[in-house]
Structures are given as C-alpha cells and as structure tokens.
Amino acid sequence: MKAEHLFIPTPCAPGSLSWSGEGLVDWVSGGGTRYGLDGKIVDSHVHYGYRFDAAVTSQDGRYAVIYEKLGTKAALLRDGRHVRELNRSYYHANAYEYPIALLTLPSGRTLLAHCPEEYCRLELEDAETGERLTRRDSESPDFFHSRLQFSRDGRYLLSAGWIWHPVDAASTFDVARALEQPASLDQPQDFEVGDCFLEIHSAAFGERDLLVMDCSGLDGDETPFEDGRPTDTARLGVYSLTERRFLSMAPLDMPAGTLMVMDGYAVGFFEHPRLIELATGRVVESWPGLATGMQSSSIIRHLPSLPPLALDPVGRRFAVGTDKGIEVIRFSP
C-alpha cells in the first residue's frame, strides 16, 4: 500500500475536521469553513460561541454534531444551520469522551446515537425530528458509553467506553434489531475469549462484519502498559461479529490508539500515525513527525489537547489538524 502526503495551509489552526467529498470541513472553529485538497478555502463566516472542540458528520453530509469532548453540551446542525441542543449526563463527563454518532440509512433517514439522559443508556433518535426510536422499560447495564461508531453498512453500532473502576471495554449492537426491539440496547454482544480477561482500549469497524481492536489481558494481565510501555499481552485483534470469534490476534510493540481500518491494514494514531499489518502487527510505515496525541482509551482528561482527526477508511485517507494547517495522508493499493 502506497502513501501520498499532502499539506493544506490554513489561516488558523482548525478546531475540528470532517471529510466532505474531496475536501474537509471545520465545523468548530470555522463554523463550516471548507478546505479543498487543492488549497481552496471557502469561509463560512460563522462562529459558535461555546467550548465545542469536536464534530461528527452524517454520511450524506447534511447533518453534523459539534460537541465538547469532556463536557455535557452538543449542538445538532442541518446543512450548517442550528437544529437543536443536545446533552448528556454530568456523571464523570469531565473524564471521558462524549458519546455521539450519526448514520444515514439507505432510505435517506438519518439516525442519531447518543446518551441524552444517562451515561449508561444508549438511545437512537430520528435526527430530523428528534423522535426517540428506542424507548423502553428495560434497565441499562452499568457501562460508560463513548466513542460511538456505526459500521460502514449501518448494520452495527459500536460503543468503545469503560466500566468501573476503570477498565476499557467495548460493546456492539445490531441497529435493525434495536429499532424493532429497543431492549436489545441493554443486551450488548460480548466478545468470546473463553475464560480469559479482555480489556479493549480502542476499536474500529473494518469491512462487512469485522471489528478490529487494540486489546490486552489475554494472558490474565490487567496492566498491559506499565509506565507507558507495553507488556507482552498487547494485541491487535480482528473479530468477526457474525462468527463470534477472533480471526487473528497479533502482538503490538506499543498502543495502537485510535484506529482506522482499511483492507488488511489499520492506521494507529497513538503518538503518531503508523500503518499496521493486521495479520502480524508489523508496522509497515510511520509518520513520526506528525503528532496525533496519546489517546488509547475513552478516558482522556489526563491528556494534553488532542489534534483534530478526520478518518475516511473507505476513501483510504486521513487528515490531521496542526497549528500551521492540515496534513493529509492518502493511500493507494
């Protein structure tokens, strides 16, 4: 896999980055300012007067949510215009990343996944109307939802959060089933590893039903990274959600961090981007001069400010915001 490096100078550091066709959008600092890969800039002349520091967008580009990663406030936008405010519980909100994701269905309807009332209660709403689609009477398990992500085909929803006290964990849900049987959101699918303890630090969807995880503890060690250095239990796992089994488990020499999966590789963003072969854990290429932070969990309050990332696994590209502009890496087979 070949990589091409592109730099886009910007008049100020971007506050967030989201892919939009052949360009990028900054919803936070730029209020929807667009940056073309050819260097062309279209300023929106919009400013949101709050501490928003991150954004997610729907696949069709119509909807965006701007939010404060370690806060309780978010705002839903449609075609760049404010629709309504969103909130989450204050409970430990200053410790872990705000749970929010958008999905455009084949019908054109856009779903909003978030936790509007309790940290442990995941809900699906109609983004256009705000209608709650998953009202239920069942009790939600004690899980801090975070880093929500829909699979590429919209079949699954991932929550890569944590449980007390604290342990990184992840859960997946069948979206169609959740809309038909909302109580299934309180019955997450576990990852079968026999009697072994498994801590999941980060995860991302690959193609079809594949989920790639930066995980540890398969040898019973609950502290895989001591003083920032790995022990021999750090692994990059590829899991089939339909077969309910790991297809591969490769050793890692350091945390992978945030993941972007494409073909037989993943890009890990811990400290700097690294292209990792899934089957072996081997680092094929790296960009040590491009700082991407030290996130390897949903719990980030102890970390310095993280740079904006825009990940596009289908388009085989990612972008990183810096003080001087936007660094773009594009891959070709």
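Strand β27 (residues 317-321) is mostly covered, with 5 of its 5 residues buried. Buried means under 20% relative accessible area, exposed means over 50%, and partly exposed lies in between (1.4 Å probe, protein chains only). Helices (H or I, at least four residues) and strands (E, at least two) are DSSP runs, numbered from the N terminus. This is a predicted model, in which local features need pLDDT of at least 70, side-chain atom pairs count only at pLDDT 80 or more, and totals for chains, interfaces and linings use all residues. Residues are numbered from 1 along each chain as its sequence is written, and side-chain values use heavy atoms, with hydrogens and water left out.

**Strand β27 and its partners**

- Arg-317, Ala-319 and Gly-321 point one way from β27, while Phe-318 and Val-320 point the other way. Residues on both sides are buried.
- Strand β26 (residues 309-312) runs antiparallel to β27, and 4 bridges join them. Two strands pair if DSSP finds at least two bridges between them.
- In this pairing, Leu-309 stands opposite Val-320 of β27.
- The hairpin of β26 and β27 has 4 residues between the strands. Arg-316 in this hairpin takes a positive phi near 55°.
- Strand β28 (residues 325-332) also pairs with β27 in the antiparallel sense, over 5 bridges.
- Here Gly-321 stands opposite Ile-326 in β28.
- β27 and β28 form a hairpin too, with 3 residues between them.

- Glu-4 lies in strand β1 (residues 2-9).
- The relative accessible area of Glu-4 is 40%, so this residue is partly exposed.
- Glu-4 is in contact (heavy atoms within 4.5 Å) with Val-328, Ile-329 and Arg-330, leaving aside its neighbours within four places in sequence.
- Glu-4 and Ser-332 are 328 residues apart along the chain, yet their C-alpha atoms are separated by 8.2 Å.

**Cysteines**

- A disulfide is a covalent bond between the sulfur atoms of two cysteines. The rule used here asks for a pair of cysteine sulfur atoms within 2.5 Å.
- By this rule the count comes to 0 disulfides.
- Cys-115 is in no disulfide, and the nearest cysteine sulfur, that of Cys-120, is 7.9 Å away.
- Cys-115 has a relative accessible area of 2%, so Cys-115 is buried.
- Cys-12 counts as partly exposed because its relative accessibility is 44%.
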